[in-house]
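Open the model in your viewer and keep the selection tool ready. Each stop below says what to pick and what is there.

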Amino acid sequence: LPPPPRAMLRTLAAFAAIASASAFAPASSGLPRLASSRPAACSLRMQSSPPATKIEQEVKLTKELFNKLDADGSGSIDMAELKAALGNNLSAEIQALMARGDIDGNGVIDYAEYERLMNMQRFDDAQGGNLYVRNAIKFGLLKPDSVLADCVMVGNKGFDPFNCATSMDSLKNYREAELKHGRLAMLAAAGWPVSELVQPFLSKFLGQPDLLAAGEKAPSLLNGGLDRVNPVFFMAIIVFTATIESVAFTRTRDADYIPGDLGFDPLRLYTGKSEPVKRDLELKELNNGRLAMLAITAYAYEEFLTKASVIQDTPFLFKSIL
């Protein structure tokens, strides 16, 4: 196929920018605020937490203990389960524990809130026992009255120097956007070096032109080479991302909705697991996504500055194995 006209590429780039903005930016105020009816994941109470209970002083809170206390496997602990495990003679202490742990006021302690209790037991009560948040406030990276100051949302490191998360709704929208960017970045961080490794051999095998940019680098805005890619590919990407985003918008966001959850789990790696395992998987996805966003940015600038491909700059990561 002949190279597509540059005007067509500019038009496609504009469409891609619009699609990206709508798909990966937090929902604007003009959209229905679907998260407003969900219980808060953060403590908005400005007063200090109730003091540690006798139960916390005598019993070490662990993940295994949560699974035992959650007798019905609902993913949360209610008053009846606490009384069944600890005895009715500790009714006052159990009520105090519930008041201390149930920060969203829904009458149960879910695993995120229980993990907060575990952290408070280890690191004292300030900022819900979150040392990352405590240090972020100390170094001016987070306002003391931010919704992140005592928040059980997974992966909360307290990093919000511009105070973007002004409410729970905005925080959940930003978290959804972060997950979407992270998932794309994880695909890109793997696809970028793989394309540089495989494309020369694949194009030669199929008798097709090599679509890598000069220096056998992946096509990008900084490397160039995007004008050699068939516009149909870009259109297919726009249609695909719009379809995925439509699924996200049509999902019912009830009290148990998790930001970024599209219900895609064909291998059942998440579905049916215990709450501690789910929490751990959510954290791993978030951390890997954050790392991938840094990595893909580093790829682009590294190749622009060194004029060499990633696999050439770091042969010990690629050529020694593949």
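**Stop 1: Confidence**

Colour by pLDDT. This is a predicted model, and among the elements of the chain helix α1 (residues 6-24) has the lowest mean pLDDT, 45, while helix α7 (residues 131-138) has the highest, 96. Across the chain the average pLDDT is 83. At least 70 is the score of 83% of the residues.

Now select residues 1-5. Their pLDDT is below 50, and beyond near neighbours in sequence the stretch has five contacts in the model. Then select residues 11-40. Here too the pLDDT is below 50. This stretch has 38 contacts in the model beyond near neighbours in sequence.

**Stop 2: V108**

Select V108. It is in the loop between α5 (91-101) and β2 (109-110).

**Stop 3: α6 across α10**

Select helix α6 (residues 111-123) together with α10 (275-306). Their axes come within 10 Å and cross at roughly 85°. Angles of 65 to 115 degrees count as roughly perpendicular, so α6 is roughly perpendicular to α10.

Show side chains where the helices meet. From α6, the contact uses Y111, A112 and E115. From α10, it uses E275, P276 and R279. By class, the residues of this contact are three nonpolar, three charged and no polar.

**Stop 4: The cavity**

How many cavities of 30 Å³ or more does a search of the whole structure find? The search finds one. About 40 Å³ of space lies in the largest cavity.

To see its lining, select these residues:

- E178, L179, G182, R183 and M186, among the lining residues
- E285, L286, G289, R290 and M293, also among the lining residues

Colour the selection by class. The lining has four nonpolar, two polar and four charged residues.

Conventions
Residues are numbered from 1 along each chain as its sequence is written. This is a predicted model: local features need pLDDT of at least 70, side-chain atom pairs count only at pLDDT 80 or more; totals for chains, interfaces and linings use all residues. Side-chain values use heavy atoms; hydrogens and water are left out. On a 1 Å grid over the protein atoms alone, a cavity is a set of points where a 1.4 Å probe fits but cannot get out, and a pocket is an open set with protein on both sides within 12 Å along at least five of seven lines; lining residues have an atom within 4 Å of a point. Grid points are joined across faces, edges and corners, and a volume is the space filled by probe spheres set on the points. Helices (H or I, at least four residues) and strands (E, at least two) are DSSP runs, numbered from the N terminus. Ala, Val, Leu, Ile, Met, Phe, Trp, Tyr, Cys and Pro count as nonpolar, Asp, Glu, Lys and Arg as charged, and the others, Gly among them, as polar. Axes are lines fitted to C-alpha atoms, for helices over the stretch in contact, and angles run from 0 to 180 degrees between N-to-C directions. Angles under 35 degrees count as roughly parallel, over 145 as roughly antiparallel, 65 to 115 as roughly perpendicular and the rest as oblique. Contact means heavy atoms within 4.5 Å. pLDDT is the predictor's confidence in each residue, from 0 to 100.
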